[in-house]
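Biologist: Can you walk me through this one? I'd like the details you would check before using the coordinates.

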Amino acid sequence: MIMLAEQQSGRSLTVRLAKSDADIAAAQKLRWDVFYGDMGALADERLDTPGLDCDPYDAVCDHLLVEDQAGDGPRVVGTYRLLRRSVADRHGGFYTAGEFDLSPFLSCAAEDGELLELGRSCVAPDYRDAGTIQLLWRGIAAYLADHGVARMFGCASFSGTDPAAHAAPLSYLFHHHLAPAGLRARAVDTRHVDMAMLPLGGYDPRQAMRLLPPLIKGYLRVGAMVGDGAVIDRQFNTVDVFMVMPVEAISHRYMSRFGAAA
């Protein structure tokens, strides 16, 4: 069971897994506020739950919650959705499969042990700092240990739906962080966008790296690699890339930093 805490100036942050429908609804409310309120996602008028970001995967996933205990009561300020392969195989597969062909990846990765899909990551605007992000990662580190996870994967996003606006960082990812063939999930053919829009030498790698979204930079720090092709997600107003993170590639220093209290 995950329960970690961290004191900050004016804040009392904890991280744990959701235990009730009310916990999941709080995560869905935060996701709605961030994805639809801040990032320009397009709401489906047919939604039964306006104000909540919901889909069928919520019922079978674990939900990691960072809460601020200060003030009038606990408030969810950060969340991650976690789906293990042992669960996904019983409930229709992974969310990521809607954008990327996971077949070769799943066949190869199955030899290593349990897989964990990371998704629906978001943090409230006033809490987008190192303390909150570190607490989320400490929770993930504890979850990895609890379930014997060998690899993590999922989609990571660039803002907006114009891949050309991200030509340099997308090209940088393809040229410098492409996963080996067996772990290289490919964007489905009908949605595939070439990431290598610029050749090697056609962009400044340091500048391209600076233009990467913070979440992708964080993934790269723990040894993440990317798949082949990007996908435009018009509903969520993003350009998505596939990322895979072998747990054994995470340095002992990093794991001890984020997993020490687990």
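**Strands, backbone and rings**

Biologist: Which strand is Ala156 in?
Modeller: Ala156 belongs to strand E7; strands (E, at least two residues) and helices (H or I, at least four) are DSSP runs, numbered from the N terminus. This is a predicted model, with local features needing pLDDT of at least 70 and side-chain atom pairs pLDDT 80 or more, while totals for chains, interfaces and linings use all residues. Numbering starts from 1 along each chain, and side-chain values use heavy atoms, without hydrogens or water.

Biologist: Is Ala156 buried or exposed?
Modeller: Ala156 is buried, at 1% relative accessibility. The cut-offs are under 20% relative accessible area for buried, over 50% for exposed and partly exposed in between (1.4 Å probe, protein chains only).

Biologist: And the strand around it, how many residues of E7 are buried?
Modeller: In E7, 8 of the 11 residues are buried, so the strand is largely enclosed by the rest of the structure.

Biologist: How far is Ala156 from Tyr219?
Modeller: The C-alpha atoms of Ala156 and Tyr219 are 9.1 Å apart in space, and the two residues are 63 apart in sequence.

Biologist: Do E6 and E7 run in the parallel or antiparallel sense?
Modeller: Parallel, with 4 bridges between E6 and E7. Pairing takes at least two DSSP bridges between two strands.

Biologist: What stands opposite Arg151 there?
Modeller: Leu115 does, with Arg151 on the E7 side.

Biologist: Switching to backbone angles. What is the phi of Arg120?
Modeller: Phi of Arg120 is about 50°, a positive value, although the residue is not a glycine.

Biologist: Where is Arg120, and is it buried or exposed?
Modeller: Arg120 lies in strand E6. With a relative accessible area of 12%, Arg120 is buried.

Biologist: What about phi of Asn237?
Modeller: Asn237 also isn't a glycine, and its phi is positive, near 60°. Asn237 is in the loop between strand E9 (225-233) and E10. Its relative accessible area is 23%, so Asn237 is partly exposed.

Biologist: On to rings. How many aromatic pairs does the structure hold?
Modeller: The structure has 10 of them. Rings of Phe, Tyr and Trp (its six-membered ring) pair with centres within 6.5 Å; planes under 30 degrees apart are stacked, over 60 edge-to-face and the rest tilted.

Biologist: Take Tyr57 and Tyr95. Is that pair stacked, tilted or edge-to-face?
Modeller: The planes of Tyr57 and Tyr95 are at 80°, so the pair is edge-to-face, and the ring centres are 5.7 Å apart.

Biologist: Which parts does that pair tie together?
Modeller: Tyr57 is in the loop between H1 and strand E3 (62-68). Tyr95 is in the loop between helix H2 (85-88) and strand E5 (100-101), so the pair ties together parts 38 residues apart in sequence.

Biologist: How accessible is Tyr95?
Modeller: Tyr95 is at 27% relative accessibility, so it counts as partly exposed.

Biologist: Which residues make up the aromatic cluster?
Modeller: Phe94, Phe100, Phe105, Phe153 and Phe242 form one cluster.
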